[in-house]
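Please open the structure in a viewer and keep the selection tool at hand.

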Amino acid sequence: MHGLVNRAIEGFVRDSYGAGCWQAVTARAGLEVSSFEAMLSYDDRLTDDVLGAVSAELGRPREEVLEDIGTYLVSHPNLEALRRLLRFGGVGFVDFLHSLDDLPDRARLAVEDLHLPRMELVDHDSSTFTLTCRSGHRGFGHVMMGVLRALADDYGALVLLDHAEVADGAEVITIILVETAYSEGRAFELGARAVQG
Amino acid sequence: MSPGAGSVAADCAHDALCPMHMRLDADGKLCHAGPTLAKLFPGRTLAGQGLFDLFEVARPREAGSLAALLRAPGGKLHLQPRVPPGIALKGVIAPWGAGALVNLSFGISVIEAVRAYGLTNTDFAATDMTIELLYLVEAKSAAMEASRKLNQRLEGAMIAAEEQAVTDTLTGLKNRRALDHIVGRLIERARDFALMVVDLDYFKTVNDTLGHAAGDHVLRQVARILVDATREGDTAARVGGDEFVLVFPGRSDRARLAAIARRLIAQLSRPMPFDGQMCRISASIGIAQSAVYERPDAARMLADADAALYDSKREGRGRHAFHAPPGAAPRAAG
């Protein structure tokens, strides 16, 4: 698994529950390292072990933890850069939804060896969408649930989300757009960061 | 093409395809400007204005008419708006009816321009690569930052590893930390031992005249000689640039230690060939024995061995001396 993924889980635990909790997770998972490196690659098994340990440590089901990680990725101030990269996807939430097809390619443009699962958006009518995630890693759909929820807030849209698993291991998220301009959302200035950078 | 009804439809199409375009009449006056281009001149009506009034034309040089612009090689233009911030634009011109169409772009200044004019995704055509470019710049900055942090942490880890190391990387001998540990343990276990401080003479001259490569070669040769002089259980350490310490546990025979010192000095004084040159050094030695002290102390013993070393140096180079027990006069021997 790419270090960025493991690093995201670690960041989620540290930023939401403190360094002590992360220590407990590493101990429970039997990790040899105390921290993951974002730009290194790790055995897939480690990611599974850590997720299991987080779930056990917090006493919450794995699906919930994954969804919270997705929310964390978009909404935590420490990951502002990531929120901005996602917002590049579109001017409005619907635009953004349509950009998800390109997300794995976009990710690879930034970090060559980062392979995100394929996603496919279908719009059934102007307010009903389904997003199909095909991933070798079960649970990716739950992360996307969190990402979508947080980004809907970010765009100021009001949405209802539903997660289901279909036969061939694919995960399908149903997105019902109740209102595109429900709240003001958060500002996104196209040139704001690029110049500082 | 007539400048009549058809041109309205054409302008709409152009606005969608090239939001930074302008349509000029035969006199070089703007008939229409795309919506993004209009943002460069806030509060001004562009229709009817002359291109040369709105822009300074950097290329083609000294072009003063529409005809001159149309003669530009490849139709390539460099324009600069005459209103601040005046970010330079790239353009391409093509004849259109009696006049011309010009499409503009920010070129390499796009990041600056997006910020200065507060542009958003909708200001660019869907085929325009600007958004992808901005995305890429930002994504790469974030990735670079992650890599930079990794490098910093690796450097920190390397420094920490070096700090915990017990080996001198140049010679492979023990380092100062290892020496302190070994001596500390001997004292803890109340074992008799002798410390020999070996200081190279003329080493600086070798370094200065023959270079650092020669200096490093000499240090490695010295290390080999010191290791050969030690038995299993003894320790040879490099504690400074040209300063070494030998530890001999269980060796208290003064005559035996003196013989070792003399043999070492003789070996170290032999010229060492390096790269067709001869490196000539010698050594001075100071010796301290734990048996002399009521309660031996590592720092104290090393300081006393050092003092004995300087006594021997005062007598001339290439000698050794024992730290004298309290009351006795220090003595240098040949």
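**The interface and its salt bridges**

Across the interface of chain A and chain B, two salt bridges are found in this predicted model. Select A:Glu37 together with B:Arg153: these residues form a salt bridge, with the closest N and O atoms 2.5 Å apart. The interface also holds five residue pairs in polar contact. Helix H5 (80-87), helix H7 (103-110) and helix H9 (192-196) of chain A each give two or more residues to the side that touches chain B. That side of chain A divides into 15 nonpolar, two polar and five charged residues.

Next, display the contacting residues: 22 of chain A and 23 of chain B. The area buried between the two chains is about 2,100 Å², with 68% given by carbon and sulfur atoms.

**Within chain A**

Select A:Arg186 and A:Glu80, whose side chains meet in a salt bridge at 3.1 Å, N to O. A:Arg186 lies in the loop between strand S4 (171-179) and H9, while A:Glu80 belongs to helix H5, 106 residues apart.

**Within chain B**

Finally, select B:Asp304 and B:Arg300, a salt bridge with its closest N and O atoms 2.9 Å apart. Both residues lie in helix H11 (residues 298-314), four residues apart, and so are separated by about one helical turn. Is B:Asp304 buried or exposed? At 6% relative accessibility, B:Asp304 counts as buried, whereas B:Arg300, at 47%, counts as partly exposed.

Terms used
Residues numbered from 1 in each chain as written. Chains lettered and ligands numbered in written order. Predicted model: local features only at pLDDT ≥ 70, side-chain atom pairs only at ≥ 80, totals over all residues. Heavy atoms only, no water. Contact = heavy atoms within 4.5 Å. Buried area = accessible area lost by both parts, 1.4 Å probe. Salt bridge = Lys/Arg side-chain N within 4 Å of Asp/Glu carboxyl O. Polar contact = N/O pair within 3.5 Å; in protein donor to acceptor, adjacent residues only side chain to side chain. Nonpolar A, V, L, I, M, F, W, Y, C, P; charged D, E, K, R; others polar. Buried < 20%, exposed > 50% of the residue type's maximum accessible area, 1.4 Å probe, protein only.
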